Amino acid sequence: MKRLFDSLVDWADAHPKRVLAIAVAVGLAITFVLQSRPPPALPLTLTPVVADVLGDPGTPRVGPADADVVVVLYTDYRCPICRRTDPALERLVARDPKVRVHYKDWPILGEQSMLGARAALAAERQGKYFAMHRALMADNAPLNAAEVRRIAAEAGLDPARLEADLVQYDKEIDRQLAAHANQAFALGLKGTPAYLVGPYLIQGGLDDADLDAAVARARKAGSPKPQPE
């Protein structure tokens with residue numbers, strides 16, 4: 001056993017870059033497994049932060065105004081788990097007419113994430129947020145300005161207007177993204193995806209069955225309750 005251990009140490013000393021690559025791969029695999037499991041639900045009270053999250057008027061949303069369960073999603077267009085689980089939310093809204101979903105772009109994975117989030121929020125000025133959102137989630141190409149124009153055109157947007165809106169509404173979009181980031185930090189989110197489902201906070205990807213279970217639990221519990229005095 002000692003001979004095997006010494007051999008492994010010698011190999012590691014001789015191949016530091018390979019060791020680093022293996023460590024990164026193992027770390028990513030562990031993260032993927034942890035985020036893929038049904039995550040625990042943390043009960044929330046109606047703090048000022050939660051009230052701000054639920055009442056944010058600039059957040060793109062889909063579903064009826066009289067929904068009895070509100071789902072808030074924090075997402076990133078370059079997040080693999082977000083991309084894999086995103087269609088489940090659309091299916092949830094399609095099969096449950098009493099659910100409303102609020103989409104919070106939270107670009108935390110670098111420049112491409114920021115490009116995607118800004119483009120999606122600019123697309124809202126054309127009434128095309130969800131068309132751009134779906135297209136960005138489905139497209140695998142590395143994002144740059146040219147790719148954003150291509151994705152926008154294929155999603156049915158006017159690319160020239162999108163570029164103009166990115167300039168015209170630059171500060172407004174920055175404020176919106178900053179507000180989403182501040183909310184995420186105040187909630188203690190560790191990354192994307194993260195959900196508020198009724199009075200529960202859930203961090204990690206949710207598939208169809210997970211979402212149905214979370215909505216049923218939220219429906220039974222009701223809306224977030226005010227903090228005790």
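Student: What percentage of the 229 residues of the chain count as buried?
Tutor: This is a predicted model, so the answer is computed from predicted coordinates. A residue counts as buried when its relative accessible area is under 20%. Of the 229 residues, the share that passes is 41%.

Student: How many helices and strands does the chain have?
Tutor: Helices and strands are numbered from the N terminus. The chain has 10 helices and eight strands.

Student: Among contacts between residues at least 6 apart in sequence, what percentage join residues at least 24 apart?
Tutor: Start with the contacts in the chain between residues at least 6 apart. Then keep those that join residues at least 24 apart. The share is 76%.

Student: Which residues of helix H6 are buried, and what covers them?
Tutor: Helix H6 spans residues 129-138. Its buried residues are Tyr129, Met132, His133, Ala135, Leu136 and Met137. Their cover includes strands S4 and S5 and helices H4, H5, H7 and H8.

Student: Are H5 and H9 roughly parallel or roughly perpendicular to each other?
Tutor: The axes of H5 (residues 111-123) and H9 (residues 170-187) come within 10 Å. They cross at roughly 115°. Angles of 65 to 115 degrees count as roughly perpendicular. H5 and H9 are therefore roughly perpendicular.

Student: Which residues make the contact of H5 with H9, and how do they divide by class?
Tutor: H5 brings Met114, Ala117, Arg118, Leu121 and Ala122. H9 brings Asp170, Ile173, Asp174, Gln176 and Leu177. By class, they divide into six nonpolar, one polar and three charged.

Student: Is the crossing of H4 and H10 left-handed or right-handed, and what is the word for their angle?
Tutor: The axes of H4 and H10 (residues 208-221) come within 9 Å and cross at roughly 50°. H4 passes H10 in a right-handed crossing. With that angle, the helices are therefore oblique to each other.

Student: Which residues make the contact of H4 with H10, and how many are charged?
Tutor: From H4 come Ala88, Leu89, Arg91, Leu92 and Arg95. From H10 come Asp208, Leu211, Asp212 and Val215. The contact has five nonpolar residues and no polar ones. The number of charged residues is four.

Student: Is proline 43 buried or exposed, and which residues is it in contact with?
Tutor: Proline 43 lies in strand S1, residues 41-43. Exposed means over 50%, and proline 43 has 59% relative accessibility, so it counts as exposed. Leaving aside neighbours within four places in sequence, proline 43 is in contact with Pro199 and Tyr200.

Student: What distance separates the C-alpha atoms of proline 43 and alanine 221?
Tutor: Along the chain, proline 43 and alanine 221 are 178 residues apart.

Student: What kind of aromatic pair do tryptophan 106 and phenylalanine 185 form?
Tutor: The chain's count comes to five aromatic pairs. In this one, the ring centres are 6.0 Å apart, with 80° between the planes. Planes over 60 degrees apart count as edge-to-face. The pair is edge-to-face.

Student: Why does this pair tie together parts that are 79 residues apart in sequence?
Tutor: Tryptophan 106 lies in the loop between S5 and H5. Phenylalanine 185 lies in another element, so the pair links that loop to helix H9.

Terms used
Residues are numbered from 1 along each chain as its sequence is written. This is a predicted model: local features need pLDDT of at least 70, side-chain atom pairs count only at pLDDT 80 or more; totals for chains, interfaces and linings use all residues. Side-chain values use heavy atoms; hydrogens and water are left out. Axes are lines fitted to C-alpha atoms, for helices over the stretch in contact, and angles run from 0 to 180 degrees between N-to-C directions. Helices (H or I, at least four residues) and strands (E, at least two) are DSSP runs, numbered from the N terminus. Angles under 35 degrees count as roughly parallel, over 145 as roughly antiparallel, 65 to 115 as roughly perpendicular and the rest as oblique. Contact means heavy atoms within 4.5 Å. Ala, Val, Leu, Ile, Met, Phe, Trp, Tyr, Cys and Pro count as nonpolar, Asp, Glu, Lys and Arg as charged, and the others, Gly among them, as polar. Buried means under 20% relative accessible area, exposed over 50%, partly exposed in between (1.4 Å probe, protein chains only). A crossing is left-handed if the near helix is turned anticlockwise from the far one by less than a right angle, and right-handed if clockwise. Rings of Phe, Tyr and Trp (its six-membered ring) pair if their centres lie within 6.5 Å; planes under 30 degrees apart count as stacked, over 60 as edge-to-face and the rest as tilted.
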